[in-house]
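Please keep the sequence and the model in view while reading.

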Amino acid sequence: MSVTQNKEIEAAVFRRLLEHLDSRKDVQNIELMNLAGFCRNCLAKWYVAAAEQEGVSMNYDEAREIVYGMPYNEWKDKYQQEATPEQLAKFQQQS
């Protein structure tokens, strides 16, 4: 496999991950953090870091809009739920 093919496959996998997360708006970021150790916001931070490595200027809000498929505040208003005490306790244990 060539480097270009590998990058194309990785890009397709990332797009599929974003599609999957978009289809599961019921899954909250704190649940992702507690179970997998990363969330949508982590993906946005990684996106910014990768863009910077490629010499592309991108800020966190721009990256979050890519990951969330809409401005973060809009997503938050529509889909984010208050974390439960149990979720917060588990998150604190892992931090």
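Predicted model: local features only at pLDDT ≥ 70, side-chain atom pairs only at ≥ 80, totals over all residues.

## Nonpolar core

The largest nonpolar core comprises 17 residues, and those with the most contacts inside it are Leu32, Leu43, Met58, Ala63, Val67 and Tyr68. At least two residues of this core come from each of α1 (3–23), α3 (40–53), α4 (60–68) and α5 (72–79), with α3 giving the most, namely five residues.

## Largest pocket

The largest pocket has a volume of about 330 Å³, and its lining is made up of Lys7, Glu10, Ala11, Phe14, Arg15, Tyr47, Ala50, Ala51, Glu54 and Val56. While α1 and α3 each supply at least two residues of this lining, α1 gives the most, with five residues.

By class, the lining of the largest pocket holds six nonpolar and four charged residues, and no polar ones.

## Second largest pocket

For the second largest pocket the volume is about 210 Å³; 13 residues line this pocket, and Asn29, Ile30, Gln80, Gln81 and Ala83 lie nearest its centre. Two or more lining residues come from each of α2 (29–36), α5 and α6 (85–94), and the largest share, three residues, is that of α2. Here the lining divides into six nonpolar, six polar and one charged residue.

Note on methods: Residues numbered from 1 in each chain as written. Heavy atoms only, no water. Core = buried A, V, L, I, M, F, W, Y, C linked by side-chain atoms within 4.5 Å. Buried < 20%, exposed > 50% of the residue type's maximum accessible area, 1.4 Å probe, protein only. Helix = DSSP H or I, 4+ residues; strand = E, 2+ residues; numbered from the N terminus. 1 Å grid on protein atoms, 1.4 Å probe; cavity = no way out; pocket = protein on both sides within 12 Å on 5 of 7 lines; lining within 4 Å. Points joined across faces, edges and corners; volume = space filled by probe spheres on them. Nonpolar A, V, L, I, M, F, W, Y, C, P; charged D, E, K, R; others polar.
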